[in-house]
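I open the notebook on a new chain.

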Amino acid sequence: MLEDPLNEVKRREHALRIIWERMEEHGRDGIYDLTGLSGGFPLEEEDMDLLETYVGPAIFEEKLQGAGREHMGGEMVAAFNRTSSAILSAVLALTEPGSTVFHYLPELPSHPSVPRSAQLASAGYHETEDFTENPPADTSLVVVTGSTMDHRVVEESDLVRVIEMAHDAGVPVLVDDASGARLRTVLFGQRRACDLGADLAVTSTDKLMHGPRGGLMAGRAELIEVVKSKAYQFGLEAQPPLIAAMARALENFEPSEIMDALKRKEEFLRDFRPGVEETPTGFMIRPSSVEGLNGSGYTEDEISTAISMLLLSEHGIVTIPAVGMPGASKTLRFDLAARDAGRLEVSSLQAAIHDAIEKLSGIIPDDEKMRRLILG
Ligand SMILES: *Cc1c(COP(=O)(O)O)cnc(C)c1O
């Protein structure tokens, strides 16, 4: 059901419609967003006035350079519409057609933006979990994912090793640190990717911080210039209102909020049974480990999405399988660093998950009901 990209769009629109309906009935308090993607847009009054003038963009750009370099390291930063747009710009700018993009990541699968960008650039693509593997001689760009979509985090020593290996071969390294720029540093005490020698690193300003969806790339000035120029050709760069909100979000970033998630996680896991797996700032549930949902003929992704839809429609709990972009991970992940996690009692969350799983076991035998649950 979800292999078809058109159904993926339907699935997402169905979820957004449910959110709209709940908002009509209960207001914003009826929604608990545990995706960890907050989409905050923290503008101040004075920013609004500036947005309407030509001086605004100059000022926001300056602020972004300061706050962005402090967060990411590197000589210069640039802002993009999304992390995916930053990755596409970098791959288009730095690879030759026919060369190879070589991608190391702590656990497969990759975020789709990396292989899709390679494809658009007519470059070959290879991904591996083996950090001792050597990239082939025709490699034009090494990508390393710092933290996967499921929050599997790279070892710092692995990251350093492949950066050195790539540099010995004269190949630039881009670190996809969408969530890693905060998870690796705040929770795991690792250094910023640029401090470890990465030529470029990109992060998402709405992951584990209260900013808008946008991609912030940092690194060596000469490479940032080349990537930016490619972005302008295809309209992939962030516009001034987005830059203003990204800069504010970076200025307001509070690492202790990520630490608070650890306490909530402990409380949740203390007395919860169905197969949960810890993530750095929360937990995830694998359908294969939940009794009564196996052997139904549905894929794991479909079952996760169905549970995600029930959590949304019955309890207002938002998780990525329901609302995520087409092709995004269908792992049923609960991010307790999300701002709304503070409003939701741990016991209510436990009860909601039990309820969704129980309701689903009643729906699964009926194909038509399953279809309607996921696609509307
Ligand atoms: C979220 C994410 C991206 C893409 O971010 P978008 O804002 O959706 O473009 C890329 N790579 C990884 C590892 C991610 O987690």
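This is a predicted model: local features need pLDDT of at least 70, side-chain atom pairs count only at pLDDT 80 or more; totals for chains, interfaces and linings use all residues.

**Entry 1: domains.** I looked up the domain assignment. It gives domain 1 (5-30 + 255-375) and domain 2 (48-252). I checked the spacing of their C-alpha centres, and domain 1 and domain 2 lie 29 Å apart by that value. In the contact I find 18 residues from domain 1 and 15 residues from domain 2.

**Entry 2: second largest pocket.** The volume of the second largest pocket is about 390 Å³. Its lining has 24 residues, and Ser38, Met209, His210, Glu257 and Arg339 are the closest to its centre. Which helices each supply at least two residues of this lining? I find α9 (240-252) and α10 (256-270). By class, I read 10 nonpolar, 6 polar and 8 charged residues in the lining of the second largest pocket. Why does this pocket lie between the domains? Domain 1 and domain 2 both give residues to its lining, so the second largest pocket lies between them.

**Entry 3: largest pocket.** I then turned to the largest pocket, with about 960 Å³ of space. I list 49 lining residues, of which Leu37, Arg82, His111, Arg213 and Met325 are the closest to the centre. Two or more residues of the lining come from each of α1 (5-26), α4, α5, α12 (320-323) and β12 (332-335). The class tally for the largest pocket reads 18 nonpolar, 20 polar and 11 charged residues. I placed this pocket too: both domain 1 and domain 2 give residues to its lining, so the largest pocket lies between them.

**Entry 4: α4 and α5.** Both helices are on the list for the largest pocket, and I looked up how they pack. Two packed helices are described by the angle and the distance between their axes. How do the axes of α4 and α5 cross? The axes of α4 (residues 83-94) and α5 (residues 113-120) come within 9 Å and cross at roughly 35°. I record the crossing of α4 and α5 as right-handed. From α4, I note Ser84, Ile87, Leu88, Val91 and Leu92. They meet Ser113, Val114, Ser117, Ala118 and Leu120 in α5. By class, this contact of α4 with α5 has 7 nonpolar, 3 polar and no charged residues.

Technical notes:
Residues are numbered from 1 along each chain as its sequence is written. Side-chain values use heavy atoms; hydrogens and water are left out. Axes are lines fitted to C-alpha atoms, for helices over the stretch in contact, and angles run from 0 to 180 degrees between N-to-C directions. Helices (H or I, at least four residues) and strands (E, at least two) are DSSP runs, numbered from the N terminus. A crossing is left-handed if the near helix is turned anticlockwise from the far one by less than a right angle, and right-handed if clockwise. Contact means heavy atoms within 4.5 Å. Ala, Val, Leu, Ile, Met, Phe, Trp, Tyr, Cys and Pro count as nonpolar, Asp, Glu, Lys and Arg as charged, and the others, Gly among them, as polar. On a 1 Å grid over the protein atoms alone, a cavity is a set of points where a 1.4 Å probe fits but cannot get out, and a pocket is an open set with protein on both sides within 12 Å along at least five of seven lines; lining residues have an atom within 4 Å of a point. Grid points are joined across faces, edges and corners, and a volume is the space filled by probe spheres set on the points. Domain bounds come from an automatic or database domain assignment.
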